Amino acid sequence: MPNIAIHVASNLALLWIIRRFDRKAFDADAQGIVLAVFASHLIDLDHLLADPIYDPARCSITTHPLHHPVMWVLYTGLIFFKNRRVRYFGVALVLHLVLDALWCIR
Ligand SMILES: [Zn+2]
């Protein structure tokens with residue numbers, strides 16, 4: 001779990017990209033899309049299963065169940081849903097995992 005600010009900044013950047021390139025859908029359901037993107041933070045609830053709950057030196061990808069590489073397949077599958085909330089939720093989850101993975105190789 002890298003700095004929460006990095007995750008929030010990446011969510012804001014993703015929302016900017018969505019608004020820029022899928023403007024019609026964003027304008028029609030801005031609240032739902034913003035909620036879907038920020039709901040990706042719920043993936044970090046699996047930290048509650050770890051002891052200690054937060055350890056900056058720990059790699060989330062290898063230790064937390066919702067961050068497990070198998071889950072990446074599921075989250076990537078969400079990207080192919082027609083429903084835009086589900087699709088952008090999947091994109092945000094994959095982005096979250098990529099940032100966490102980068103945190104692991106630092
Ligand atoms: Zn995480």
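Helices (H or I, at least four residues) and strands (E, at least two) are DSSP runs, numbered from the N terminus. The model is predicted; local features need pLDDT of at least 70, side-chain atom pairs count only at pLDDT 80 or more, and totals for chains, interfaces and linings use all residues. Residues are numbered from 1 along each chain as its sequence is written.

Ser-40 lies in the loop between H3 and helix H4 (60–63). Ser-40 counts as buried because it has 23 C-beta neighbours inside 10 Å (buried: 20 or more other C-beta atoms within 10 Å, with C-beta atoms placed from the backbone). Excluding residues up to four places away in sequence, Ser-40 touches Phe-89, Ala-92, Leu-93 and His-96 (contact: C-beta atoms, placed from the backbone, within 7 Å). Ser-40 and Leu-97 are separated by 57 residues in sequence, with C-alpha atoms 9.9 Å apart.

The axes of helix H3 (residues 30–38) and helix H6 (residues 84–104) come within 8 Å and cross at roughly 30 degrees (axes: lines fitted to C-alpha atoms over the stretch in contact; angles run from 0 to 180 degrees between N-to-C directions). H3 is therefore roughly parallel to H6 (angles under 35 degrees). H3 contributes Gly-32, Ile-33, Ala-36 and Val-37 to the contact, and H6 contributes Arg-84, Arg-85, Tyr-88, Phe-89 and Ala-92.

The largest nonpolar core has 12 residues, among them Ile-18, Ile-33, Ile-43, Tyr-75 and Leu-97 (core: buried Ala, Val, Leu, Ile, Met, Phe, Trp, Tyr and Cys residues joined through C-beta atoms within 7 Å). H3 and H6 are the elements that give two or more residues to this core. H6 supplies the largest share, 6 residues.

How values were computed: Angles under 35 degrees count as roughly parallel, over 145 as roughly antiparallel, 65 to 115 as roughly perpendicular and the rest as oblique. Two residues are in contact if their C-beta atoms, placed from the backbone, lie within 7 Å.
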